[in-house]
Amino acid sequence: MTSRIIIVILMCVTCALGAQTSSPASGEAPDPCTLLSRLDVAETVGAPVKEGVSRVRNGTVANCMFAGAHGGQFAILVRRTPSADWVSEQAGRMSDGSQFGTYREVPQIGDRSFLYHMHGKGGVLCVYGADYYLQISLFRLGEDSQTAAVLRKLAVIAMTRLRPQDERLRLTTATGNQR
């Protein structure tokens, strides 16, 4: 089962790193360690974690890992989306499922988002929106029954911080409250 989980996580990272031949959106991916703090993760997961450490940073892709007790971990990966076609292709793969299981579409996070629940081991939430692909992974950390809610809450926090300040200002002005 552990090797299956590692394969799923690697498959997600491969999707995020793939398609480098497409022309990427302008600008670099932000440092994901600035999108979620140790406190954000620890409070939401309900377990202590160490400070986030950047592991991959190559311009359009960056990730941050938060280590927990007993080998548990939380990771966030951010990628500038190379094109609308890339987003459509990746979302299509998640909708169709894979040999390792099926992603379930999750409403109201980004433009589209998909959850892969690794029953008893954690989960992966993939979010497309604001010209970014955001992948949040939880592995052997916190209560399994809360995995989907934890991933969802942390994704919303990260997406809010990813959204350009001027876009948040427009939303505040148009709606009377910040989203």
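This is a predicted model: local features need pLDDT of at least 70, side-chain atom pairs count only at pLDDT 80 or more; totals for chains, interfaces and linings use all residues.
In soluble globular proteins, nonpolar side chains tend to be buried together. Here the largest nonpolar core counts 31 residues. V45, F74, I76, V78, L125, L134 and I136 have the most contacts inside this core. Two or more residues come from each of these elements: helix 2 (38-45), strand 2 (61-67), strand 3 (73-80), strand 6 (122-129), strand 7 (132-139) and helix 4 (147-162). Helix 4 supplies the largest share, 7 residues.

Leaving aside residues up to four places away in sequence, V45 touches L138, L141, G142, V150 and L154. Apart from this core there is a second, separate one of 13 residues, with F114, Y116, M118 and Y128 among them.

The cysteines come next. The model has 1 disulfide, formed by C33 and C64 with their sulfur atoms 2.0 Å apart. The torsion about the S-S bond is about 100°, so this disulfide is right-handed. C33 sits in the loop between helix 1 (2-17) and helix 2, whereas C64 belongs to strand 2, so the bond ties together parts that are 31 residues apart in sequence.

C64, with a relative accessible area of 0%, is buried. Another cysteine, C126, is likewise buried, its relative accessible area being 0%.

Definitions and conventions
Residues are numbered from 1 along each chain as its sequence is written. Side-chain values use heavy atoms; hydrogens and water are left out. A nonpolar core is a set of buried Ala, Val, Leu, Ile, Met, Phe, Trp, Tyr and Cys residues joined through side-chain atoms within 4.5 Å. Buried means under 20% relative accessible area, exposed over 50%, partly exposed in between (1.4 Å probe, protein chains only). Helices (H or I, at least four residues) and strands (E, at least two) are DSSP runs, numbered from the N terminus. Contact means heavy atoms within 4.5 Å. A disulfide is a pair of cysteine sulfur atoms within 2.5 Å.
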